[in-house]
Amino acid sequence: MKLNVKIDRLFVYSETEKKFFNAELINGLNIISGRNTSGKSTFFLAINYAFGINDFNSQLKAILNFKPIFRLDCTLKNGTELRSLILIREGDVLLIKLDNLPVKRFNGINANNSAEHVKLKEYFHKLFNFHLQLESQNEYKLAPIEVIFLPYFISQKVGWVYMRKSFSSLDWFKN
């Protein structure tokens with residue numbers, strides 16, 4: 001069966017700056033609009049960051065300088081089964097709370113190729129039942145977990161060009 005991941009809430013808090021951002025998403029269609037530089041892209045980059053994706057950390061630099069804590073609340077729906085998923089990220093640590101199971105902790109996830117970051121991606125592959133393989137250098141390899149967000153997220157930094165680079169080491173072409 002197809003697994004749906006619904007993002008319910010994004011909460012970002014900086015203790016040092018005493019600032020926070022809270023966005024609750026409702027069932028159905030959520031429209032995020034605003035003028036240029038109002039934070040629309042930053043909102044989506046923060047969601048990626050909360051999942052442990054580091055490809056756009058440089059674009060979040062102004063926020064990350066405040067040493068924030070990111071909390072992302074999600075609902076996983078598989079048929080009629082609903083599960084609660086909470087991700088809490090502070091720097092290079094990601095805590096994952098799935099239903100009433102013990103908290104899963106991943107330390108040292110700031111480097112995409114660190115052993116802990118690889119374990120995190122394997123955890124998400126199993127959790128989301130995600131087994132897509134892509135060809136890379138004449139062999140098939142498990143797709144990076146970032147692919148989950150395609151085609152819904154194309155980096156604004158790259159735009160619509162002949163060759164797309166949505167995430168690090170993930171190039172794809174028109175047609």
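Q: Which residues touch the most other members in the largest nonpolar core?
A: Let's settle the terms as we go. A nonpolar core is a set of buried Ala, Val, Leu, Ile, Met, Phe, Trp, Tyr and Cys residues joined through side-chain atoms within 4.5 Å. Buried means under 20% relative accessible area, exposed means over 50%, and partly exposed lies in between (1.4 Å probe, protein chains only). In soluble globular proteins, nonpolar side chains tend to be buried together. Here the largest core has 36 residues, and Phe51, Leu85, Ile96, Phe124 and Phe128 touch the most other members. Members come from several elements: β1, α1, β3, β4, β5 and α3 each supply at least two residues. The largest share, six residues, comes from α1.

Q: What should I keep in mind about the model itself?
A: This is a predicted model, in which local features need pLDDT of at least 70 and side-chain atom pairs count only at pLDDT 80 or more, while totals for chains, interfaces and linings use all residues. Residues are numbered from 1 along each chain as its sequence is written, and side-chain values use heavy atoms, with hydrogens and water left out.

Q: How many helices and strands does the protein chain have?
A: Helices (H or I, at least four residues) and strands (E, at least two) are DSSP runs, numbered from the N terminus. The protein chain has three helices and 10 strands, in the sequence pattern β-β-α-α-β-β-β-β-α-β-β-β-β. Of its 175 residues, 35% count as buried.

Q: In what order do the six strands of the open sheet lie?
A: Two strands pair if DSSP finds at least two bridges between them. In this case the order is β2-β1-β3-β4-β5-β6, with antiparallel pairing. β2 and β6 each have a single partner strand, so one side of each is left without a neighbour in the sheet. Neighbouring strands are turned by 15 degrees against each other on average, direction ignored. Such angles use axes that are lines fitted to C-alpha atoms, for helices over the stretch in contact, and they run from 0 to 180 degrees between N-to-C directions.

Q: Which residues stand opposite each other along these strands?
A: Start with β1, which is joined to β3 by 10 bridges; one of the pairs is Lys6 with Thr75 in β3. β1 also pairs with β2 (residues 19-24) over six bridges, where Arg9 stands opposite Glu24. These two strands form a hairpin with four residues between them, and Lys18 in the turn has a positive phi of about 55 degrees. β3 and β4 pair over 10 bridges, with Asp73 opposite Ile86 in β4.

Q: Which strands does helix α1 touch as it packs on the sheet?
A: A contact means heavy atoms within 4.5 Å. Helix α1 (residues 40-50) touches β1, β2, β3, β4 and β5, and its direction makes about 80 degrees with that of β3.

Q: Which residues of α3 are buried?
A: An α-helix has 3.6 residues a turn, so residues three or four places apart point the same way. In α3 (residues 115-127), the buried residues are Glu116, His117, Leu120, Lys121, Tyr123, Phe124, His125 and Leu127. Their cover includes β1, β3, β4, β5, β6 and β8. Phe124 touches Phe51, Leu87, Leu94, Ile96, Asn129 and Ile145, not counting residues up to four places away in sequence.

Conventions
Expected span 1.5 Å × (residues − 1).
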